[in-house]
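Please read them with the structure open beside you.

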Amino acid sequence: DLYMSATGQDYDVKIQVRVAQDDGVYGDWQDYIPGTYIGRYFDMRAVFHNYGTESCLICDALTFAVDVPA
């Protein structure tokens, strides 16, 4: 499941998230786990590790949604 991580013989892909509060200062990157993240600003990235020479990893798009309670 690419939303969390994907692994193959030659590669590894992890989705990471970091959160900032009202001051806009982001915390450290952490591996994404489905759950609740509390903050005002959110940032996500995909981290690719290619261990072989036979594959080329490409990310065409990365989107995420934030649900804000009323």
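1. A residue is called buried when its relative accessible area is under 20%, exposed when it is over 50% and partly exposed in between, with a 1.4 Å probe and protein chains only. Strands (E, at least two residues) are DSSP runs numbered from the N terminus. With these terms, 7 of the 10 residues of strand 2 are buried, so strand 2 is largely enclosed by the rest of the structure.

2. On the basis of these notes: the model is predicted, so local features need pLDDT of at least 70 and side-chain atom pairs count only at pLDDT 80 or more, while totals for chains, interfaces and linings use all residues. Residues are numbered from 1 along each chain as its sequence is written, and side-chain values use heavy atoms, with hydrogens and water left out.

3. Strand pairing comes next, where two strands pair if DSSP finds at least two bridges between them. Strand 2 and strand 4 run antiparallel and are joined by 10 bridges, and Asp-12 has His-49 in strand 4 as its bridge partner. Strand 2 also pairs with strand 3, again in the antiparallel sense, over 2 bridges, with Gln-16 standing opposite Asp-31 in strand 3.

4. How many salt bridges does the count come to? Taking a salt bridge as a side-chain nitrogen of Lys or Arg within 4 Å of a carboxyl oxygen of Asp or Glu, the count comes to 3. One of them joins Lys-14 to Asp-31, with the closest N and O atoms 3.8 Å apart; because Lys-14 lies in strand 2 and Asp-31 in strand 3 (residues 30-31), this pair ties together parts that are 17 residues apart in sequence. Lys-14 is partly exposed at 32% relative accessibility, and Asp-31 is likewise partly exposed, at 37%.

5. A salt bridge also links Asp-43 with Arg-18, whose closest N and O atoms are 3.0 Å apart. Asp-43 belongs to strand 4 and Arg-18 to strand 2, so the pair connects parts 25 residues apart in sequence. Asp-43 is partly exposed, with a relative accessible area of 23%, and Arg-18 counts as partly exposed at 23%.

6. The salt bridge between Arg-40 and Asp-22 has its closest N and O atoms 3.6 Å apart. Arg-40 sits in the loop between strand 3 and strand 4 and Asp-22 in the loop between strand 2 and strand 3, so this pair ties together parts that are 18 residues apart in sequence. Both Arg-40 and Asp-22 are exposed.

7. For aromatic rings, those of Phe, Tyr and Trp (its six-membered ring) pair if their centres lie within 6.5 Å, and planes under 30 degrees apart count as stacked, over 60 as edge-to-face and the rest as tilted. The count comes to 1 aromatic pair. The rings of Tyr-32 and Tyr-37 have centres 6.0 Å apart and planes at 20°, so the pair is stacked. Tyr-32 is partly exposed at 24% relative accessibility, and Tyr-37 is partly exposed at 23%.

8. Finally, a pocket is an open set of points on a 1 Å grid over the protein atoms alone, where a 1.4 Å probe fits, with protein on both sides within 12 Å along at least five of seven lines; lining residues have an atom within 4 Å of a point. The largest pocket has a volume of about 720 Å³, and of the 29 residues that line it, the closest to its centre are Tyr-32, Met-44, Thr-63, Phe-64 and Ala-65. Strand 2 (11-20) and strand 4 (41-50) each supply at least two residues of this lining.

Key: Points joined across faces, edges and corners; volume = space filled by probe spheres on them. Helix = DSSP H or I, 4+ residues; strand = E, 2+ residues; numbered from the N terminus.
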